[in-house]
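I opened the model and looked up a few places in turn. My notes follow.

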Amino acid sequence: MSDYIVRATAANNQIRAFAVTSRDLVEKAREAHNTSPVATAALGRLLTVGSMMGIMMKGEKDILTLQVKAGGPLGGMTVTADSKGNVKGYVNNPEVIIPANAKGKLDVATAVGVGFLNVIKDMGMKEPYIGQTVLQTSEIAEDLTYYFATSEQVPSSVGLGVLMERDNTVKQAGGFIIQLMPFAEEEVISKLEEKLAEITSVTKLLDDGLTPEMILEKILGDFGDLQIMETVPTAFYCNCSKERVEKAIIAIGRNEIQEMIDDGEEIEVNCHFCNTHYKYSVDELKELYKKSK
């Protein structure tokens, strides 16, 4: 298993926790979209937290969507995840290059810019759940921490990190979500705050070789009863296919398909999430025309 998420509890179930190593899935996203280093870091953080939030959902067909709508040069990002550990996503302007921040790090906050975070949970109801918060720092982790506290009323700490190699491939990626249950005692809350204050960099923990289990042990080990409840593989996975795209073309109607046929050129349809290109010849379009209404 390369990338995986662990789900855990501690402090007599007063704390629930998730941690993930996501290097391979972030690297796969970088390859698919040919993202610049700062775009890789921003999208990688959103993919990483999306993978953990996805497995928080219970239903087989539940889908989580995270949308960052902001005014920075990245032009926003979208990530979707399911309850099985599959995650995919894209950034609107993947080639953005901006100077490093004052600390010499990739300037994700400036690349993302000022805006909003939308969290959409489609759980098979008539209407999906939609939560929206203003981006607090545009660094992604702090923004999700704020979202959990304000929209879901769950005191949480989110830590995310993406570390790049000199050749702009992904060296490390991962993160954690630590959440307090409503019945958490003051002593537990204070102790957890102290432990979290000791964590200065997720990327350093990953680069030091810490696994998700070790990260949770470092944060929650002193609580005495840290229990790993589940280990879930996670991966960058897109369920697009030529057949699915054909259904989308059929759905646009006969008039539009006829116009494409009249142009006499093959068409190319691009999947936003994985950047796969699907080509359809004029003869294929004629077959789709026959199936359309």
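**Entry 1: Ile178**

I began with Ile178, which is buried, at a relative accessible area of 1%. I use buried for under 20% relative accessible area, exposed for over 50% and partly exposed in between, with a 1.4 Å probe and protein chains only. The model is predicted, so I note the limits: local features need pLDDT of at least 70, side-chain atom pairs count only at pLDDT 80 or more, and totals for chains, interfaces and linings use all residues. Residues are numbered from 1 along each chain as its sequence is written, and side-chain values use heavy atoms, without hydrogens and water.

Ile178 is found in strand β9, residues 170-180. Helices (H or I, at least four residues) and strands (E, at least two) are DSSP runs, numbered from the N terminus. I then listed what Ile178 touches, leaving out residues up to four places away in sequence: among them are Ile15, Pro155, Leu192, Leu216 and Ile219. Contact here means heavy atoms within 4.5 Å. I also checked Val158: its C-alpha atom is separated by 6.6 Å from that of Ile178, and the two residues are 20 residues apart along the chain.

**Entry 2: the sheet**

Next I traced an open sheet of six strands, in the order β7-β6-β3-β4-β5-β11, with mixed pairing. Two strands pair if DSSP finds at least two bridges between them. The edge strands are β7 (129-134) and β11 (235-236), each pairing on one side only. Helix α2 (residues 37-54) packs on the sheet and touches β3, β4, β5, β6 and β11.

I followed β6 to β7: six bridges join them, antiparallel. Lys121 stands opposite Tyr129 in β7.

How is β5 paired with β4, and over how many bridges? The sense is antiparallel, over five bridges. Val79 has Gly89 in β5 as its bridge partner. Three residues lie between the strands of this hairpin, and Gly85 takes a positive phi near 100 degrees. β5 and β11 pair in the parallel sense over two bridges, and Asn86 stands opposite Ala235 in β11. Five of the six residues of β5 are buried.

**Entry 3: helix α10**

Last, I looked at α10 (residues 282-291), whose buried residues are Val282, Leu285 and Leu288. Seen down the axis of α10, they fall within an arc of 110 degrees, so they line one face of the helix. The arc is that of the directions from the helix axis to the C-beta atoms. These buried residues pack against α8, α9, β12 and β13. Asp283, Lys290 and Lys291 are exposed, on the face turned away from the buried side.

Methods: Axes are lines fitted to C-alpha atoms, for helices over the stretch in contact, and angles run from 0 to 180 degrees between N-to-C directions.
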